[in-house]
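Subject: Structure for you to look at

Hello,

Here is the structure I said I would pass on. My notes on it follow below.

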Amino acid sequence: MAIFELTMPKMGESIIEATILKWTKKPGDPIGQDESVLDIATDKVDSEVPSPVAGVLTEIRFAEGDVVPVGAVIALIETSGEMPEQLAPNTSQPEVAVPFVPEPVSADEPLVASGNRFYSPLVLNIARTEGISTRELDQIAGTGREGRVTKKDILAYVAVRTQPQPVAPVAPAAPVKPAAPATPIVTYTAGSNVEIVEMDRMRKLIAHNMLLSKQTSAHVTSFVEADVTHLVLWREKAKQAFQARYGEKLTFTPVFVMAVARALREFPALNASVDGDKIILKKDIHIGVAVALPTDNLIVPVVRHADRLNLGGLSAAINDLAQRARANKLKADDLEGGTYTLSNVGTFGSIMGTPILLQPQVGILATGAIRKLPSVVETPAGDVIAIRHKMILSHTYDHRIIDGALGSKFAKRVADFLESWSLDAEI
C-alpha cells in the first residue's frame, strides 16, 4: 500500500490559487485512474481535477468553497502496490500545512483593485472579512513578486491595525456647513414584488473586471462605417468550397480577426499595455475573441499568433475555442496572454457598441451587424444611389496612450481592409 498526495494543480501561468466548487468523491470511495475527484474554479475557468492514480480516497483536507493555493495537498489517495516514480511524493522537504481563509457568503460593498495593482482572491477575501477598504488595501506594502500583497502581508497589517493606537488631542474645529444628504440606498427584500437573483461566480468576475477596467483606463470610442458588399458577395460564393477544403463553416469573424491582425502590424501602439508611466509594446499578436455562453455570460478565449494564420487556420482556431467555451472545456491558458480583443456584437443584431477594455489591453473593436442600406456610390458616369452592405466598427481605446487620431486611423485601416476584399479572393 502507498499514499498518494493529490495537490491543487496549476491551471495557468498567472493562477496562484483556486476555489473548490464540489467534491465528486467522498472518503472511502474508490477512484479510477484519470477519474474526476473534484471540481474547482479559478478567476479564469472552471475545471475538473482527475486523479493520476487508481485507489481509494482516504482523506479530504479542504471543504467546498475553500480557496486553496496551487500546490497545496487537498486529498490523500491510498493505492495498491507502488506508485510510479514520477508520482511518488517528495520526502526531501517536510510537508507544510497550508491554512485557508473561507470566502464570506456576502459583502455589503464590492471590493475591487484600483489602478494596475493585482490582488489575489485570497487577499481580497481577507480584506472583505476584516472590513479593509480598497483605498486602505492600496496602502499596504507588498513583499510578493512585482510588489504584490501576499497573505502574510495582509495578515501582518491586520495584526497591527487591530492594536489600539494613541489618539492625539484635536483642536476645536471651525463650524462647517452640514453635508448634503447622501443618495438613499434602496434595499429590496423577498416579498417586495421583486425577484432577487444571486449573481453566479462568472457574473461576479465579469462585474469586478469591468469596474476595474473603467477605474484603470480612460475609455474613448471612435466609429467608422465600412462598405463590405464585396466581402458579403464573396462569402456567399465561397462558403461551400471553403467548408469542403477546411472542414469549417465560413463566418465573418475570422475575416474580422485577419483585418485586425494586419492593422495591428501597422499600428503597434494598439498592441500594447501600460505599466505605470511606461508603455509595453507587444511583439506577438494574440487576439481575444468574445464568445457568448449559454448562460448569457461572456468569455474571451485567445487566438495566439493570429497574424501568422491564414483564413482556414483562423476559422479552425476560432471555432475550436468557441465550441470548447460553450462546453466549459477551456483551459486557463486559453484565456491568457491576449494583446487585443474583438467583439462581434453584430451577431446579436446590434449595429454598434461601446465595448469596455479587457485589462491590461489598450484596444478593443466591436463589429456591428451587416445591413443593406441605400448609399451614394461614385461611378465614372456620376454618383448613383445603390443598395450596399454596410457595417459600423466601434473602436474603444485607452486615451492614456492612444489619442483620437491614432484610434480613428486604426479603425479606418480595418475598414479599408474589409472594403478592399476582392470578389476573386482565394479561400
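Is the crossing of α6 and α7 left-handed or right-handed? It is right-handed. Please keep in mind throughout that this is a predicted model.

Two packed helices are described by the angle between their axes and the distance between the axes. For helix α6 (residues 253-266) and helix α7 (residues 311-326), the axes cross at roughly 115° and come within 9 Å. On the α6 side, the contact is made by T253, P254, V255, V257 and M258; on the α7 side, by L311, L314, S315 and I318. Sorted by type, the residues of this contact are seven nonpolar and two polar, with no charged ones.

Next, helix α3, which spans residues 151-161. Its residues D153, I154 and V158 are buried. These three lie on the same side of α3, because they cover an arc of only 135° around the axis.

The last item is a lysine, K390, in strand β19 (residues 382-398). K390 counts as buried because its relative accessibility is 11%, and the cut-off for buried is under 20%. The side chain of K390 makes a polar contact of 3.4 Å with the side chain of E225. Leaving aside residues up to four places away in sequence, K390 touches E225, A226 and D227, and also A369, I370, R371, L373 and S375.

Regards

Conventions. Residues are numbered from 1 along each chain as its sequence is written. This is a predicted model: local features need pLDDT of at least 70, side-chain atom pairs count only at pLDDT 80 or more; totals for chains, interfaces and linings use all residues. Side-chain values use heavy atoms; hydrogens and water are left out. Buried means under 20% relative accessible area, exposed over 50%, partly exposed in between (1.4 Å probe, protein chains only). Helices (H or I, at least four residues) and strands (E, at least two) are DSSP runs, numbered from the N terminus. The arc is that of the directions from the helix axis to the C-beta atoms. Axes are lines fitted to C-alpha atoms, for helices over the stretch in contact, and angles run from 0 to 180 degrees between N-to-C directions. A crossing is left-handed if the near helix is turned anticlockwise from the far one by less than a right angle, and right-handed if clockwise. Contact means heavy atoms within 4.5 Å. Ala, Val, Leu, Ile, Met, Phe, Trp, Tyr, Cys and Pro count as nonpolar, Asp, Glu, Lys and Arg as charged, and the others, Gly among them, as polar. A polar contact is a pair of N or O atoms within 3.5 Å; within protein, one must be able to donate a hydrogen and the other to accept it, and residues adjacent in sequence count only if both atoms are side-chain atoms.
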